[in-house]
Amino acid sequence: MTSVSTQSARWMKYFNDVYGYAKPPVLGSFAIKEIEEKAREVMKDHLRECYHSFKSQLTRVLAAYMYTFGSAGTCSTDAANKRAFNRWKIVPAMLKDCTNRNVETTILGEKFHAPLFIAPVGVQGILHADGELATARAAAACGIPYIMSSASSRSIEDIAKANGPNGQRWYQLYWPRSDDITISLLNRAKAAGFSALVITLDTMLLGWRPHDLDTAYIPFLYGVGIQVGVSDPVFMKRSGYKPVHEITKFPFEPEKIRNAALNAGDANAKKAMQLGKDWLGEISSGSFRSWEDLQFIKDHWDGPIILKGIQRVSDAEKAIDMGIHGIIVSNHGGRQVDGAIGSLDALARIMRSPKVLEAQTKGDLTVLFDSGIRTGSDVIKAMAMGAQGVLIARPFMYGLAIAGQAGVEQILMQTVTDMHLTMGLCGYSDVNDIVGKRDELLEFIDD
């Protein structure tokens with residue numbers, strides 16, 4: 001029988017307290033669809049403070065919402081992510097002793113309270129005044145690891161401080177064009193206590209996103225989402241400035257910034273727009289990297305390296321050849337390539353590779369999953385397919401938009417608690433026993 005850890009007992013306490021105290025949830029509901037809709041309404045409320053014309057208000061609301069939650073092209077890849085989860089069905093087993101359950105796991109030599117990670121999502125400052133600081137605090141409070149985006153609206157150091165001395169955190173790199181800036185970011189991340197490096201491979205340039213193009217909506221060009229850059233001494237020295245640790249203004253009002261820079265001659269607005277252009281030119285330059293270039297990162301990062309954006313079996317196998325510690329099977333939530341396969345389908349293909357299975361079994365390769373996670377059942381499906389941990393993105397952003405730190409905490413707590421309960425109902429008492437159990441736990445049903 002599996003013993004009950006203090007952290008595992010916490011998930012059941014959360015569940016029981018919902019009924020025991022009968023308090024309404026912070027987000028108004030535990031249903032993801034309702035939470036998403038409320039996030040959209042909250043963003044409308046924020047914009048009403050800034051815009052008087054209904055047409056302008058609606059356009060800007062949808063722009064901000066779609067920038068955060070939209071996808072590439074026709075959004076078909078996002079739909080494929082959801083469809084993949086719907087096609088794989090759970091087949092529960094009965095009369096198993098799952099009275100005591102454990103969701104703790106060890107990944108890359110580090111013990112985690114649950115196999116759930118906060119995905120690296122940038123520009124959180126357009127959703128809430130506290131931006132990434134609220135999310136980093138929530139992660140620490142819930143015992144969930146935080147992966148910081150290079151496109152954050154707060155600095156590396158400020159996010160690390162918010163995450164606290166006991167917070168578990170990884171740093172995600174949008175690989176800069178310049179080697180000296182790359183080295184500077186890696187050194188800063190290591191000094192700030194980020195224990196692993198996630199390199200995003202699928203965003204060497206931005207994808208075709210009609211919803212952003214229609215409104216020319218890109219926060220970076222207005223100085224928001226570039227705070228990792230403006231706090232970097234190497235990047236700022238190029239323009240003759242000293243690094244600064246900014247708190248971005250909320251709500252985000254691109255028209256005001258543009259008008260101030262172009263029409264009113266505001267020096268600060270001009271500076272923000274120029275630095276935004278320069279930083280975007282570094283982290284989304286259109287300069288593509290090769291497998292051979294990874295050696296540069298290995299030479300300058302002391303710790304685990306994980307490649308995010310893997311979809312092909314051959315790329316997963318190449319990562320093994322390169323001595324990479326882990327991969328994240330991800331299609332960027334469908335935000336980069338339209339018409340692609342669902343990420344869970346990609347995971348299914350990758351985990352049929354004998355080479356990948358052997359490397360995972362030996363501990364030479366860690367496999368994580370991203371793109372499409374909404375519920376605890378989704379976590380179980382991805383792990384049964386072979387993932388050792390999963391990343392959650394859009395749902396925590398809904399929580400952030402609605403209620404800041406408390407909203408993110410609800411999403412994290414409900415997701416792990418849902419997984420904790422569902423795991424037992426499926427006949428498993430230890431989350432680690434689910435990994436790779438596709439044939440006994442899942443059934444493919446093509447509706």
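Helices H11 and H12 pack at an angle of about 110°, with their axes 7 Å apart (axes being lines fitted to C-alpha atoms, for helices over the stretch in contact, with angles running from 0 to 180 degrees between N-to-C directions). That angle makes H11 roughly perpendicular to H12, where angles under 35 degrees count as roughly parallel, over 145 as roughly antiparallel, 65 to 115 as roughly perpendicular and the rest as oblique. This is a predicted model, in which local features need pLDDT of at least 70 and side-chain atom pairs count only at pLDDT 80 or more, while totals for chains, interfaces and linings use all residues. Residues are numbered from 1 along each chain as its sequence is written, and side-chain values use heavy atoms, with hydrogens and water left out. Helices (H or I, at least four residues) and strands (E, at least two) are DSSP runs, numbered from the N terminus.

**Helix packing**

- The crossing of H11 and H12 is left-handed, a term used if the near helix is turned anticlockwise from the far one by less than a right angle, with right-handed used if clockwise.
- On the H11 side, Ile257, Arg258, Ala260 and Ala261 meet Ala269, Lys270 and Met273 of H12, contact meaning heavy atoms within 4.5 Å.
- The residues of this contact of H11 with H12 divide into five nonpolar, no polar and two charged, where Ala, Val, Leu, Ile, Met, Phe, Trp, Tyr, Cys and Pro count as nonpolar, Asp, Glu, Lys and Arg as charged, and the others, Gly among them, as polar.
- Helix H5 (residues 131-142) packs with helix H18 (residues 394-425) at an angle of about 10°, and their axes are 8 Å apart; H5 and H18 are therefore roughly parallel to each other.
- Residues of H5 including Gly131, Ala134, Arg137 and Cys142 take part in the contact with H18, whose residues there include Phe396, Gly404, Glu409 and Met413, and by class the contact of H5 with H18 has ten nonpolar, four polar and two charged residues.
- Helix H14 (residues 313-321) and helix H16 (residues 354-362) have axes 9 Å apart and pack at an angle of about 45°, which makes H14 oblique to H16.
- The crossing of H14 and H16 is left-handed, and in the contact Ala316, Glu317, Ile320 and Asp321 of H14 meet Lys355, Val356 and Ala359 of H16, a set with four nonpolar, no polar and three charged residues.

**Pockets**

- On a 1 Å grid over the protein atoms alone, a cavity is a set of points where a 1.4 Å probe fits but cannot get out, a pocket is an open set with protein on both sides within 12 Å along at least five of seven lines, and lining residues have an atom within 4 Å of a point.
- The largest pocket has a volume of about 630 Å³, a volume being the space filled by probe spheres set on the points, which are joined across faces, edges and corners.
- Of the 25 residues lining the largest pocket, Leu201, Asp202, Thr203, Gly309 and Asp315 lie nearest its centre, and the lining divides into eleven nonpolar, ten polar and four charged residues.
- The second largest pocket holds about 510 Å³ of space, and among the 24 residues that line this pocket the closest to its centre are Tyr222, Ile257, Asn268, Ala269 and Ala272.
- Helix H9 (227-230), helix H11 (254-262) and helix H12 (267-283) are the elements that give two or more residues to the lining of the second largest pocket, with the largest share, five residues, coming from H12.
- By class, the lining of the second largest pocket has 14 nonpolar, four polar and six charged residues.

**Cavities**

- The count comes to three cavities of 30 Å³ or more, and about 530 Å³ of space lies in the largest cavity.
- Of the 35 residues that line the largest cavity, Pro120, Val121, Gly122, His332 and Arg335 are the closest to its centre.
- The elements giving two or more residues to the lining of the largest cavity are helix H3 (54-69), helix H4 (76-87), H12, strand S11 (389-392) and H18, and H3 gives the most, with three residues.
- The lining of the largest cavity has 18 nonpolar, ten polar and seven charged residues.

**Backbone details**

- The peptide bond from Phe250 to Pro251 is cis, with omega near 0°, and Pro251 is found in the loop between helix H10 (233-238) and H11.
- Leu108 has a positive phi of about 55° although it is not a glycine, and Leu108 has its place in the loop between strand S2 (105-107) and strand S3 (110-112).
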